[in-house]
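Here are my notes for your first look at this model. Please keep the sequence and the structure open while you go through the points.

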Amino acid sequence: MSPGKQASESDAAPPMAAGARLEKMRRRVRLSRLALFTAIAAGPVALCIAVMSGPTTVAAAPSDKPTAMRSAAAAADPAGYAQVFVDAWLRSSADGANSAQARLAQSLAPDVDLPDPVARAQPKPAAVTAVRSAQREDGEWAVTVAAQYADGRLRYFVVPVTADANGASFAVTGAPGAVAGPARATVGKSPYGVSVPSDGDLSLAVGEFFGAYLAGAGEVDRYLAPGVKLSPIYPAPYTAVAVQRVSAVEEAAAAGKVPADGTAVYVLVQVEARDSGGRWPLGYELTLKARSGRWEVAALESGTAQDGGAR
């Protein structure tokens, strides 16, 4: 099963679980009422027992509250606010406190001093991006922001930010601090360990699909499994597409013949796309299913599933 597929299923699980809990609560309430009516008919003693035991049937109701609290905390993430501040701060100067960037930086952090670079000695960043947010305690965050310069330099700053519980207001509480960048994570072994022949039915089907999807060479729908909807990129961004390598999770993808109908395989495809600006190496995860002696695309994934492809 592909990583994208697992993510889709796990994202769908919480609503189903919540619905199951709600249905269980409803059944318990109905049973409690039935027990109460039966106790009334049975007499005063049985009625007393039913009333005393009744409240335990609905004690599970508060279980949804932690989820709501986590959602509120996630909404309060001040990464974007810190990114805007650092961008303005790096573009401002104490000598030009009335410039637009300096006024913006001071409006976001009135108590933070502006930098004082020598004229033309410090280039302005080409891009500023928040790369990490860490919540220290309630309402207190440390946001790491990366500043990229045109000459290839990359600098990281950590910014202390406070946020209210609803994420409606933020404040930078201290000057940015220059820090080392995040360490490179260890990459696990790829699940796509099966090499698929470049001249096999699966590779050819994938090549035709991407020709339609990326270069507008035909209709995308003809390569999709029944029930799958996938919109092509329009206008087509590339003029030519060539499949460089296909790797799969299942051995069935490398078989000489298309397997039985309904067989599903998960593949990683490396594509070379070309346009007037040059050559672009691209990567995609696909789910394919066998039907009537051919491979059809059942889902296109690249980080997240596209257009609700069938699983």
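1. Start with Val-194, which stands opposite Ala-248 in strand 7. The model is a predicted one. Strand 6 (residues 194–195) and strand 7 (residues 240–248) are paired by two bridges, in the antiparallel sense.

2. Strand 7 also has a partner in strand 8 (residues 264–275): the two run antiparallel and are joined by eight bridges. In this pairing Ala-240 stands opposite Arg-274 of strand 8. When you look along such strands, remember that in a regular strand the side chains alternate between the two faces of the sheet.

3. Next, the aromatic rings. The structure holds five aromatic pairs. In one of them, Phe-209 and Phe-210, the ring centres are 5.0 Å apart and the planes are at 65 degrees; the angle is over 60 degrees, so this pair is edge-to-face. Both Phe-209 and Phe-210 are buried.

4. Phe-210 has a further ring partner, Tyr-284. Here the centres are 4.7 Å apart and the planes are at 35 degrees, so the pair counts as tilted. Phe-210 belongs to helix 6 (residues 201–215) and Tyr-284 to strand 9 (residues 278–291), so the pair ties together parts 74 residues apart in sequence. Tyr-284 is buried, as is Phe-210. Ring pairs link Phe-209, Phe-210, Tyr-213 and Tyr-284 into a cluster.

5. Does the length of helix 4 agree or disagree with its residue count? Helix 4 (residues 79–90) has 12 residues, which at 1.5 Å a residue should span 16 Å; the C-alpha atoms at its ends are 17 Å apart, so the two agree.

6. Which residues of helix 4 are buried? They are Ala-79, Ala-82, Phe-85, Val-86, Ala-88, Trp-89 and Leu-90. An α-helix has 3.6 residues a turn, so residues three or four places apart point the same way.

7. Glu-296 is placed in strand 10 (residues 294–302). Is Glu-296 buried or exposed? Its relative accessible area is 2%, so Glu-296 is buried. Leaving aside residues up to four places away in sequence, Glu-296 touches Tyr-223, Leu-224, Ala-225, Pro-226, Thr-287, Leu-288, Lys-289 and Arg-291.

Notes:
Residues numbered from 1 in each chain as written. Predicted model: local features only at pLDDT ≥ 70, side-chain atom pairs only at ≥ 80, totals over all residues. Heavy atoms only, no water. Helix = DSSP H or I, 4+ residues; strand = E, 2+ residues; numbered from the N terminus. Expected span 1.5 Å × (residues − 1). Buried < 20%, exposed > 50% of the residue type's maximum accessible area, 1.4 Å probe, protein only. Phe/Tyr/Trp six-rings, centres within 6.5 Å; stacked < 30°, edge-to-face > 60°. Pairing = 2+ DSSP bridges. Contact = heavy atoms within 4.5 Å.
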